[in-house]
Each structure stands twice: as structure tokens, then as C-alpha cells.
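Let me put the structure up, and then I'll walk you through a few places in it.

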Amino acid sequence: APLIGVLALQGDVREHARAIEAAGARAMAVRRRSELDAVDALVLPGGESTTMWKLATAFDLLEPLRLRIKDGLPTYGSCAGMIMLADRIEGGVDGQETLGGIDMVVRRNAFGRQVDSFEADLDFAAKGRVRAVFIRAPWVESIGPDVEVLGRAEPGGRIVAVRQGPLLATSFHPELTGDARVHSYFVEMVREF
Ligand code: GLN
């Protein structure tokens with residue numbers, strides 16, 4: 001089974017590891033370069049993208065992560081992880097950098113203060129309806145021609161799940177629902193690549 005790393009600088013690492021295992025792959029926490037080199041794929045968990053960016057810089061992981069993603073490492077980013085995979089962001093703090101990889105603009109904290117957190121059912125790719133948990137979530141403001149939309153939030157129809165080649169991103173947190181279908185979708189992608 002593929003070995004999938006979970007970037008463990010910050011965020012809900014254990015929940016992702018559990019969902020990865022439920023989806024039939026092996027999971028491992030990634031905090032250092034040697035661990036990053038060992039994995040077949042990577043999950044960037046939710047949390048806080050500004051913190052993740054600063055910690056990745058402090059741990060000397062920012063450039064190695066960029067290089068592996070550029071080299072085609074299958075990577076799934078959830079919420080703050082989606083922000084990290086965006087080529088461009090709106091609403092970032094001064095100087096905030098991402099890893100990039102997906103040709104899209106992502107707006108941080110897009111759903112606004114009144115609805116900091118909410119849950120909704122939505123159609124995800126070919127997996128059917130999933131329960132989506134949004135926590136101070138971003139949405140995808142615009143996408144390039146190579147990006148496939150895998151899910152939209154109702155009402156409003158905002159894009160909240162996308163894929164570009166071996167890269168997958170969702171605005172929501174599937175690891176909190178006990179339903180491993182989004183992780184299964186990712187594990188199928190990893191097996192493809
Ligand atoms: N608002 C957070 C950010 O900008 C993301 C929230 C989350 O990951 N649940 O990074």
C-alpha cells in the first residue's frame with residue numbers, strides 16, 4: 001500500500017492519518033526532510049496557513065516541499081492545505097507565501113464572520129454526497145484551464161473542491177466526519193500516479 005505522509009507542523013494530523021488508513025493506505029507524520037523524501041504522497045492538513053508557512057520556513061521544509069510538489073508528488077490539501085497549494089491567494093497576511101502547484105486563486109476566510117463554521121452536504125467528484133465541515137474556510141475564487149472542479153458549496157455555488165493532475169484540494173475537512181471517501185479518492189489518485 002502507498003505510504004502517505006501528513007505534514008505535521010500544525011493542524012489535525014491524527015485525524016488525517018486515521019482516514020488515510022481507513023482508505024487502505026499507510027500514514028506517516030512528516031516533520032523533516034528525510035521523512036518527506038520517504039513518502040509516496042502527502043496530505044497538507046487544515047489549521048492556519050500563515051502558521052504553516054512560517055513553520056515550514058523555520059523547519060527548512062518550504063523549498064523541499066515546493067520541489068517535491070513540482071516533481072509530481074501526489075498531494076492533497078484541506079482548508080489551510082488548500083491555501084498552501086494555491087498558486088495565488090487573496091486575503092493573505094503581508095508577504096504570505098504558498099507552496100503553489102494548482103493554477104487557482106484561493107480566498108482566505110472567504111465564507112465570512114457570520115458563518116465562521118458550518119456543515120453542508122455536497123456532491124464530491126464521482127463519490128456522491130459527502131458531509132462537508134467548513135471551519136474559517138477558503139473558497140476558490142478562480143481556476144486556470146487545467147483545473148477540474150470536483151465540488152461546489154450550496155447556496156452560492158462556490159468552488160470548494162478541485163484537482164489538477166496529482167494535486168487535490170478541498171475547502172472543507174473530510175477527516176472530521178468519519179467518512180473516508182475523500183481520502184479514498186486521493187488514495188486512488190496516488191495509485192494512478
Ligand atoms: N482560515 C485558515 C487559514 O487561513 C484555514 C482554516 C482551516 O484550515 N480550518 O489558514
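Two housekeeping points before we go on. What you see is a predicted model, where local features need pLDDT of at least 70, side-chain atom pairs count only at pLDDT 80 or more, and totals for chains, interfaces and linings use all residues. Residues are numbered from 1 along each chain as its sequence is written.

Okay, which residues are around the ligand? They are Gly 46, Gly 47, Glu 48, Ser 49, Cys 79, Ala 80, Ile 83, Arg 108, Asn 109, Ile 135 and Arg 136. Being near here asks for a C-beta atom, placed from the backbone, within 6 Å of the molecule or strand. That shell divides into four nonpolar, four polar and three charged residues.

Let's zoom in on Gly 47. You'll find Gly 47 in the loop between β3 and α3 (49–58); helices (H or I, at least four residues) and strands (E, at least two) are DSSP runs, numbered from the N terminus. Is Gly 47 buried or exposed? Gly 47 is buried, because 21 other C-beta atoms sit within 10 Å. The rule is that 20 or more other C-beta atoms within 10 Å of a residue's own make it buried, 12 or fewer make it exposed, and anything in between is partly exposed, with C-beta atoms placed from the backbone. Skipping residues up to four places away in sequence, Gly 47 touches Gln 10, Gly 11, Met 52 and Ala 80. Contact means that two C-beta atoms, placed from the backbone, lie within 7 Å.

Now compare Arg 136, in the loop between β8 (128–135) and β9 (139–143). Arg 136 has 17 other C-beta atoms within 10 Å, so it counts as partly exposed. Its contacts, leaving out residues up to four places away in sequence, are Asn 109, Asp 116 and Ser 117. Arg 136 also has a positive phi of about 40°, although it is not a glycine. Why point that out? Most residues other than glycine have a negative phi.

Next, the active site. UniProt, again in an unreviewed entry, lists Cys 79, His 173 and Glu 175 under "active site". They span 97 residues in sequence, yet no two of their C-alpha atoms are more than 11.2 Å apart, so they gather at one spot.

Cys 79 is in the loop between β4 (75–78) and α5 (80–85), and it counts as buried because it has 28 C-beta neighbours inside 10 Å. Beyond residues up to four places away in sequence, Cys 79 touches several others, including Gly 46, Ile 135 and His 173. Glu 175 lies in the loop between β12 (167–170) and α6 (181–192). Glu 175 is buried too, with 28 other C-beta atoms within 10 Å. Apart from neighbours within four places in sequence, Glu 175 is in contact with Asp 12, Glu 15, His 16, Ala 19 and Ser 78.

That brings us to helix α1 (residues 13–22), where Val 13, His 16, Ala 17, Ala 19 and Ile 20 are buried. They cover an arc of only 165° around the axis (taken from the directions from the helix axis to the C-beta atoms), which puts them on the same side of α1. Among the things covering them are β1 (3–7), β2 (26–30), β3 (41–44) and α6. Just after α1, Gly 24 takes a positive phi of about 95°.

Last stop, the core. The largest nonpolar core has 62 residues, and Ile 4, Leu 42, Leu 85 and Val 162 have the most contacts inside it. Such a core is a set of buried Ala, Val, Leu, Ile, Met, Phe, Trp, Tyr and Cys residues joined through C-beta atoms within 7 Å.

Note on methods. Nonpolar A, V, L, I, M, F, W, Y, C, P; charged D, E, K, R; others polar. UniProt positions renumbered as here; feature names shortened; annotations may be inferred.
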